[in-house]
Amino acid sequence: MEGQEEKRKNWKRNRQDFFAKNPPDSRTERGLAKSELPVVWFYAFLKGIFSFERVFGMNTKWKMAAGATVIVAVLGWLAFNGFQESNTYYKTVDELLAMKQSAVGMRVRVAGDLVNGSIERRGDTVLFRLVEKGPSLPVRYVGKAILPDSFKEGAQAICDGEMTPQGDFLARRVQAKCASKYEADYSTADSKGGKP
Amino acid sequence: MIDLGYFSLLLGFALTLYSIAGSMLGVWFRNQTLVRSAERTAASVWLAVSVSAGCLIYLLVTSDFGLKYVADYTNRDLPLFYKIAAFWAGQSGSLLFWTWLLSTVSAVVLHQNRDKNQALMPHVTSWLMISTGFFLVLNLFAANPFDRLGMVQPDGRVALMSLPDGQGLNPLLQYFAMVIHPPVLFLGYVGFTVPFAFAMAALMSNRLDCQWLRITRRWTLVAWGFQGAGILLGAQWAYMELGWGGYWAWDPVENASLLPWLTGTALLHSAMVQERRGMFKAWNLVLAIATFLLCIFGTFLTRSGIVSSVHAFGKSNLGTFFIVFMLTVLVIAAGLILARRASLQSDHTLNSLLSRESSVFYNNLVLVVSCLTVLLGTMFPVISELFRGEQISVGPPFFNRVHIPIALILLLLTGAGPFFAWRQTSVRILLKNLALPAGLSAAILVPLLVMGIREWRPLLFWFFCAFVALATLADYFRDAGVRRKNKGEGFLRSLGAITFQNTRRYGGYIVHLGVALLFMGLAGAWFNQETEKELAPGDSMTIGRYQLRCTDLRQGDTNNYAFIAAVLQAFDGGIQVATLTPERRLYKASQQASTEVSLHPTLREDLYVVYKGQSSDGKKALIQAFVNPLVNWLWIGGILMMLGTIVCLIPNRRGELLTPSILPGEEKSA
């Protein structure tokens, strides 16, 4: 089998023969206007880049690198998309209240203590307030899933959701914490898992 | 007993220090006696740690509540089985268990090589002992399982005390898979220390041929197998115990166990390239060292409370120890690789894009990208805190987006890779081997499309799974057929015969078949269904093709827990297929609630029922039901992967013959 180096030599020789038979300036003599030359050059340039010889005769290492770059770029782009779709900001109650309207539409996880006497159930909706140090945050949870056993007044709760323009927090998932143990209510979580 | 345990741990640490110093100085002064004595000492570390571990088990079984660890993780009424399992249920105990496993593995490695590989062994001893020493430091100075319970007296002195009963084992851990899951996973984590120690030894002694890879191939396989089994057992545990209907949620601790498995998989494949072609030398070292570091990193994630997770132990001060250790190893390893770069030149260059080498290259690339993505996603709250001062986390979409194409590329390589010849393959040969499997796999999609499945991603997955299975089986059966013709044996007999003649090749095939089944099961998750309803006796609900009728609501009491349960009859098209009794338990000692899922598993799908809670009047039960298609194929695929790994481990004549790096007639190419 002819080696890589030999192939390249052959190709070089053929090219030299070609240019010897067709000197570069002979092209204009074939009736091409000078203004058309850039077009010809551009065509030759493209042909040079995408020629069979260039693409398939490229050094194997470069080909591998090119393939790797494409794969990594595509995966990186997908990762960025996935990030934009799922990034969640961890905020405290005070930070969230201070952000006011700028927090609307942002995925947020907020933690705080359940204010005594604030839990109110209205059918599928549960209303409660979270407090950390200063003012408290009204939270609305609408879900068919019942809240975990440890969700009681005085316990700590972690809510995932977003601020509404009305200034209350719409929780999609509520976790309650008591005695340093979390009990999650996974049923409304968007993390249905399992997909590779 | 407490003192004996603690002092034998101290003794073990002293012996470890001597062994590290002895083997290093022995190499430096070329003193064979010193090296020998360091080796023997390293083996005796195992004895010291074993005594210590034995003490802790004794204390757990006899319920000595003067010991904090025993009081924290057991109670009197806990079954004996779980009392022993409590050894690895808590932070400090599981670290001692880890140390014990590591010292065991070290002793076995040293015994195996007592008369072999003498140039490498002193370095191996010192690196094994350095990692054992690190865990002993943790045990002695940060998480000591032999801490007594104490109470501060009014005069400021601390008086020892003992409790009447302990707090009990976390109910979530009272499950069979959870009892064997940590030892299995730990064996994986610990096993990867062996390739790491040999890689470091190869670097330090400048013996960078593929000897270190050949010695550690079996250890890497064992570790990889255990790690994989551990991950699957963890998934099984999450599926059965957490009661949210899934098995994988990209939780930090799950991710931590996946990271070394990914680089370990990469190592298993790229090691072949070094054995056969003398390429990827530095890369293999990097992978072995990275895998070990990721194991340590995984432990760090689980133990330090740096990211919160359902699986994690509580917060602790262990973090600093881990960071110091990891950075030290990283710097030494990087320095050594740079210093030895002259010896790490490849023997050959890549000939062609269509070669086994390049397929392994892409396999490694994709696996490492996967590993980095998981790492980035897991650490994102920490990284964003560092750079932007606010914690931002990423959710499953981040991981899923990237891993769908990664899994597809890997499946393609799994199916096609074995047909790529070393150096160069012709398109014609590839087409000859792969056209039929690809065509048949496409044909399999037709009935699925007729059934009305239009989701393109699971269809793509199933196409590739079928492709892997068909391509692999076709080659396997073809080889068996050749033997059958030559020898006139039965088909199954020749299948077995070729498998045991070349266990490396066909063991790998079996693993690949397992991978195909596993991904087939994973893709089923696209069609999960879920619903919930409050049921009183006599009520019924519908999920998928099943109808659930509630016949009874029960309450009861055992020594360990109180429970409420619902009895449900499951009908499929009017025929009763199962009686399900989902339960909700309140464990007495720990005052924690937990849910007992009830399951009707079939090969087609799982009917999965959870008792979510009682209605406020106590007359109805809130039942959540899931139908999860193809889940069982995940476990079946996992078992097949384990079987394949075991086959790979069986020694055979052919496997040994395959290893020479330059085959006859193969010249060094330019």
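What follows is a short exchange about a predicted model.

Modeller: This is a predicted model, in which local features need pLDDT of at least 70, side-chain atom pairs count only at pLDDT 80 or more, and totals for chains, interfaces and linings use all residues. Residues are numbered from 1 along each chain as its sequence is written, chains are lettered from A and ligands numbered from 1 in the order in which they are written, and side-chain values use heavy atoms, without hydrogens and water.

Colleague: Why is Ala155(A) called buried?

Modeller: Buried means under 20% relative accessible area, exposed over 50%, and partly exposed in between (1.4 Å probe, protein chains only). Ala155(A) has a relative accessible area of 10%, so Ala155(A) is buried. Its C-alpha atom is separated by 8.7 Å from that of Val115(A), 40 residues apart along the chain.

Colleague: Why is Arg15(A) called partly exposed?

Modeller: The relative accessible area of Arg15(A) is 37%, therefore Arg15(A) is partly exposed. Arg15(A) belongs to helix H1 (residues 4-21) of chain A; helices (H or I, at least four residues) and strands (E, at least two) are DSSP runs, numbered from the N terminus.

Colleague: What makes E4(A) and E5(A) a pair?

Modeller: Two strands pair if DSSP finds at least two bridges between them. Strand E4 (residues 125-131) of chain A and E5(A) have six bridges, in the antiparallel sense. Val126(A) stands opposite Tyr141(A) in E5(A), and a hairpin of five residues joins E4(A) to E5(A).

Colleague: Which residues of strand E5 (residues 137-142) of chain A lie on the covered face?

Modeller: Leu137(A), Val139(A) and Tyr141(A) do, while Pro138(A), Arg140(A) and Val142(A) form the uncovered face.
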